Amino acid sequence: MTVQAAKPRVGPQLEGVLLGKEHDGMICRSCGNEERASEGYPCTECGTFICVICSLRGVTLCKECAAKAERTATPQADDA
Ligand SMILES: [Zn+2]
Ligand SMILES: [Zn+2]
């Protein structure tokens, strides 16, 4: 009587949640939402995934690149 009939049922289900049911899903590096990779665009700077929603908003850079661009775009104060 050592038969273990109860198999853990969370295995495949949990895996599906962790990996995302859609193979296509990617995390947007601008807004953090998971969107379809096929509908998104790469960051123009580093090529990471930007979702289509952000693209429609005019976002072409991921958060990190946008922060960098903001710094480098800031004119130096001592141009006297
Ligand atoms: Zn986004
Ligand atoms: Zn980037």
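Analyst: Phe49 is partly exposed because 19 other C-beta atoms lie within 10 Å of its own. On this scale a residue is buried with 20 or more other C-beta atoms within 10 Å, exposed with 12 or fewer, and partly exposed in between, the C-beta atoms being placed from the backbone. This is a predicted model, in which local features need pLDDT of at least 70 and side-chain atom pairs count only at pLDDT 80 or more, while totals for chains, interfaces and linings use all residues. Residues are numbered from 1 along each chain as its sequence is written, and chains are lettered from A and ligands numbered from 1 in the order in which they are written.

Phe49 belongs to strand 4, which covers residues 49–50. Helices (H or I, at least four residues) and strands (E, at least two) are DSSP runs numbered from the N terminus. Strand 4 has the highest mean pLDDT among the elements, 96, whereas helix 1 (residues 10–19) has the lowest, 55; pLDDT is the predictor's confidence in each residue, from 0 to 100. Across the protein the average is 82, and 69% of the residues score at least 70.

Apart from residues up to four places away in sequence, Phe49 touches Met26, Ile27, Cys28, Arg29, Ala37, Gly40 and Pro42. A contact here requires C-beta atoms, placed from the backbone, within 7 Å. Ser38, eleven residues from Phe49 in sequence, is 10.0 Å away in space, C-alpha to C-alpha.

One of the contacts of Phe49, Cys28, is also a member of the largest nonpolar core, which has seven residues: Cys28, Cys43, Ile50, Cys51, Cys54, Leu61 and Cys62. Such a core is a set of buried Ala, Val, Leu, Ile, Met, Phe, Trp, Tyr and Cys residues joined through C-beta atoms within 7 Å.

Lys63 lies in helix 3 (residues 63–73). With 17 C-beta neighbours inside 10 Å, Lys63 is therefore partly exposed. Beyond four places in sequence, Lys63 touches Arg29 and Ser30. Between Lys63 and Cys43, which are 20 residues apart in sequence, the C-alpha to C-alpha distance is 9.4 Å.

As for the whole, the protein contains three helices and four strands, in the order α-β-β-β-β-α-α from the N terminus. Buried residues make up 14% of its 80 residues. Of the contacts with a separation of 6 or more, 11% join residues 24 or more positions apart.

Terms used: Contact = placed C-beta atoms within 7 Å.
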